[in-house]
Amino acid sequence: MKQKAPLALLLPALLGLVFLVLPLLGLLLRAPWATLGTRLTQPAIRQALLLSLQTATLATVLCLVLGVPLAWMLARVEFPGRRIVRALVMVPLVLPPVVGGVALLLVLGRRGLIGSWLDQTFGITLPFTTAGVVVAEAFVAMPFLVIAVEGALRGADERYEEAAATLGASRWTTFTHVTLPLVAPGVAAGAVLCWARALGEFGATITFAGNFPGRTQTMPLAVYLALETDLDAAIVLSLILLAVSVGILATLREKWVSSP
Amino acid sequence: MLLDAHLIVERGAFRLDLPLSVARGEVVALLGPNGAGKTTAVRALAGLTPLTSGHIRLDGAVLDSASPEQRPIGVVFQDYLLFPHLSVVDNVAFGPRRRGLSRRAAQAAAMAWLHRVGLAELASKRPRELSGGQAQRVALARALVTDPALLLLDEPLSALDARTRIDTRASLLHHLRDHAGATLLVTHDPLDALVLADRFVIIEDGVVVQTGDAASITAHPRTDYIARLVGLNLYRGHASGHSVTLAAGFVLAIAEEQSGDVFVAFPPSAVALFPDQPQGTPRNTWPATIAGVHRHGDYLRIQLDGPIGAAADVTPAAAAQLHLEPGRPVWAAVKASETRAYPA
């Protein structure tokens with residue numbers, strides 16, 4: 001349809017675009033480019049960046065180990081209450097992360113339902129530790145992985161799995177040798193989304209794991225803290241996160257950004 | 001019998017009730033229209049759909065509730081279902097690997113089979129790089145490499161174009177002859193069945209309507225579907241001497257004397273069409289209306305409505321002369337000597 005867009009739509013559309021892009025542009029314009037090199041090598045920034053990468057990666061691994069089987073159950077096994085389970089899995093998506101953090105504290109905190117047992121039996125405490133950061137990030141990011149993998153599993157032709165069974169493959173072998181390779185692109189996309197979400201996690205992390213440099217202070221937390229003392233540092237940290245986000249978008253463009 | 005089964009599967013309103021036995025080295029064709037239960041039968045034998053009741057005994061073992069991976073059964077699926085992420089040789093080696101062979105031994109067995117189906121040089125290709133005929137042969141090799149007691153072929157040629165089909169059918173025949181176990185061929189194509197199978201089991205709506213070899217089925221079809229399958233017009237009626245009264249009250253003259261309930265069959269080529277009622281010779285004649293005209297080999301097949309429905313084959317020249325087009329009234333005629341009547 002080659003028709004001129006009416007002004008009443010064009011104007012807000014342009015405004016919307018500017019609204020989305022301008023802040024990012026501002027970040028680039030205000031960046032202390034001259035001192036960027038030295039700032040990037042500052043131990044505080046490197047520490048936060050390294051911690052973020054480590055915890056986001058560990059959280060993604062945790063999500064893969066637990067989330068892929070969960071997605072498989074939702075996609076392949078008929079069980080009563082499956083719809084409710086699927087809805088429950090999606091809750092962290094819409095839950096304010098701070099609330100997630102509070103909930104984690106109540107369950108896994110030192111006096112929490114499971115936390116007290118973990119503490120007394122194994123001497124393990126999660127809150128305000130690096131492991132706690134991983135737990136908080138995984139809690140918030142897992143739905144992204146489960147949604148992506150379940151979608152891929154539903155899209156994959158189940159009859160390949162039946163063919164594998166007639167060739168003597170058990171359900172587990174079929175899963176590892178046929179199902180997983182077939183949905184590998186979906187799992188990869190889900191893992192990347194999951195990792196990106198974990199990397200940017202703020203609310204649940206600061207609530208459940210606190211803000212201790214070197215231990216639980218990830219990039220988003222460092223940005224927030226730096227904002228009050230050193231604006232330029234906050235901008236540099238933000239730039240790094242922006243670069244990572246754009247990088248992820250580029251990786252996933254085939255799957256998510258391609259026009260129909 | 002190597003396979004002795006009675007498959008009973010109920011799914012909603014549909015019920016499959018199929019007694020089935022196949023001897024060692026025998027190829028049985030399971031024919032039927034769409035929705036007759038052919039695929040359900042294959043799935044039940046392979047263990048992909050549970051039996052409601054009945055039994056499956058194969059090579060002395062009871063498989064009623066065995067899971068698919070425990071059954072010594074090879075399946076060639078309609079669209080082959082070659083694993084897209086594995087090479088051709090790995091696809092064929094998949095079964096041997098799962099049945100306990102080492103990687104090296106499985107690859108060797110797979111290569112041997114790829115040699116047998118003439119595709120050894122494509123071993124490292126991916127399935128998407130294969131033509132339809134090649135994919136079919138790889139699927140066959142994958143199903144046979146484990147030397148299954150029962151081979152199930154679900155419409156093995158239906159995904160192929162006409163030319164490839166002829167070649168692939170010939171090579172399939174060759175491999176089926178070498179297969180020591182039992183083979184069940186599911187198809188809706190009578191030609192595939194005629195070429196490949198020793199015996200026919202024909203099902204409609206989940207039940208067996210006729211069994212036998214090719215000769216007995218083409219000579220004496222017992223349902224409309226089978227009659228169409230073998231290219232005959234078929235009617236059921238009550239015979240008395242040289243005439244048969246059909247359900248609609250229409251009377252057909254037949255050549256040989258019969259009595260009681262009978263089938264009457266005649267080929268579409270025996271039906272002659274005239275613009276006016278023909279006179280003279282002892283014929284069955286009736287007024288009809290043309291319901292449809294389709295190309296059928298060198299002839300046009302004319303579908304006729306009237307007191308009895310029938311198909312007639314005429315040459316394109318005759319069709320042009322008679323202005324045969326849907327809706328046109330004509331007279332149809334069949335000589336009594338061209339009909340065949342047999343007890344129902």
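**Figure 1. The buried residues of helix α2 of chain B.** In this predicted model, the residues of α2(B) that count as buried are V88(B), V89(B), N91(B), V92(B), A93(B), F94(B), G95(B), P96(B), R97(B) and R98(B). The helix is accordingly described as mostly covered, with 10 of its 11 residues buried. The cover over these buried residues includes α9 (171-199) of chain A, and from chain B it includes α3 (103-116) and α4 (132-144). After α2(B) comes G100(B), for which the model gives a positive phi near 100 degrees.

**Figure 2. The side of chain B that touches chain A.** Contacts between the two chains involve 15 residues of chain B and 14 residues of chain A. On the chain B side, the elements that give two or more residues are β6 (73-76) and α2 (88-98). Of the elements on this side, α2(B) gives the most, with 3 residues. Sorted by class, the side of chain B that touches chain A holds 9 nonpolar, 3 polar and 3 charged residues.

**Figure 3. The largest nonpolar core and the surroundings of L45(B).** The largest nonpolar core holds 152 residues, and of these L45(B) and L185(B) touch the most other members. Helix α7 (residues 130-155) of chain A gives the most to this core, with 17 residues. Residues of the core also come from both domain 1 (3-226) and domain 2 (231-343) of chain B, so the core lies between these domains. When neighbours within four places in sequence are left aside, the residues in contact with L45(B) are A5(B), I56(B), I73(B), L150(B), L152(B) and L184(B). Another core, of 12 residues, lies apart from the largest one, and its members include A48(A), A222(A), I235(A) and L239(A). As general background, nonpolar side chains tend to be buried together in soluble globular proteins.

Figure 4. Chain B contains 9 helices and 18 strands, and its C-alpha atoms fill a box of roughly 80 × 45 × 35 Å along the principal axes. Of its 344 residues, 41% count as buried. Where contacts in chain B join residues at least 6 apart in sequence, 63% of them join residues at least 24 apart. The chain is divided into domain 1 (3-226) and domain 2 (231-343), and the centres of these domains of chain B, taken over C-alpha atoms, are separated by 39 Å. Contacts between the domains of chain B involve 4 residues of domain 1 and 5 residues of domain 2. The side of domain 1 of chain B that touches domain 2 of chain B consists of 1 nonpolar, 1 polar and 2 charged residues.

**Figure 5. The open sheet of β11, β12 and β18 in chain B.** This sheet is built from 3 strands of chain B in the order β11-β12-β18, with antiparallel pairing. The edges are formed by β11 (233-246) and β18 (340-343) of chain B, each of which has a single partner strand, so one side of each is left without a neighbour in the sheet. On average, and with direction ignored, neighbouring strands of this sheet are turned by 40 degrees against each other. Between β11(B) and β12 (residues 251-266) of chain B, which run antiparallel, there are 12 bridges. Within this part of the view, R236(B) stands opposite F263(B) in β12(B).

Figure 6. Strands β14 (residues 283-296) and β15 (residues 299-305) of chain B pair in the antiparallel sense over 7 bridges, and the bridge partner of T289(B) in β15(B) is D305(B). The hairpin of β14(B) and β15(B) has 2 residues between the strands, and G297(B) in this hairpin takes a positive phi near 65 degrees. Strand β15(B) is also joined to β16 (residues 310-314) of chain B by 5 bridges, and these two strands run antiparallel. In this pairing, I302(B) stands opposite A312(B) in β16(B). The hairpin of β15(B) and β16(B) has 4 residues between the strands, and G306(B) in the turn has a positive phi of about 155 degrees.

Methods
Residues are numbered from 1 along each chain as its sequence is written. Chains are lettered from A and ligands numbered from 1 in the order in which they are written. This is a predicted model: local features need pLDDT of at least 70, side-chain atom pairs count only at pLDDT 80 or more; totals for chains, interfaces and linings use all residues. A nonpolar core is a set of buried Ala, Val, Leu, Ile, Met, Phe, Trp, Tyr and Cys residues joined through C-beta atoms within 7 Å. A residue is buried if 20 or more other C-beta atoms lie within 10 Å of its own, exposed if 12 or fewer, and partly exposed in between; C-beta atoms are placed from the backbone. Domain bounds come from an automatic or database domain assignment. Two residues are in contact if their C-beta atoms, placed from the backbone, lie within 7 Å. Ala, Val, Leu, Ile, Met, Phe, Trp, Tyr, Cys and Pro count as nonpolar, Asp, Glu, Lys and Arg as charged, and the others, Gly among them, as polar. Two strands pair if DSSP finds at least two bridges between them. Axes are lines fitted to C-alpha atoms, for helices over the stretch in contact, and angles run from 0 to 180 degrees between N-to-C directions.
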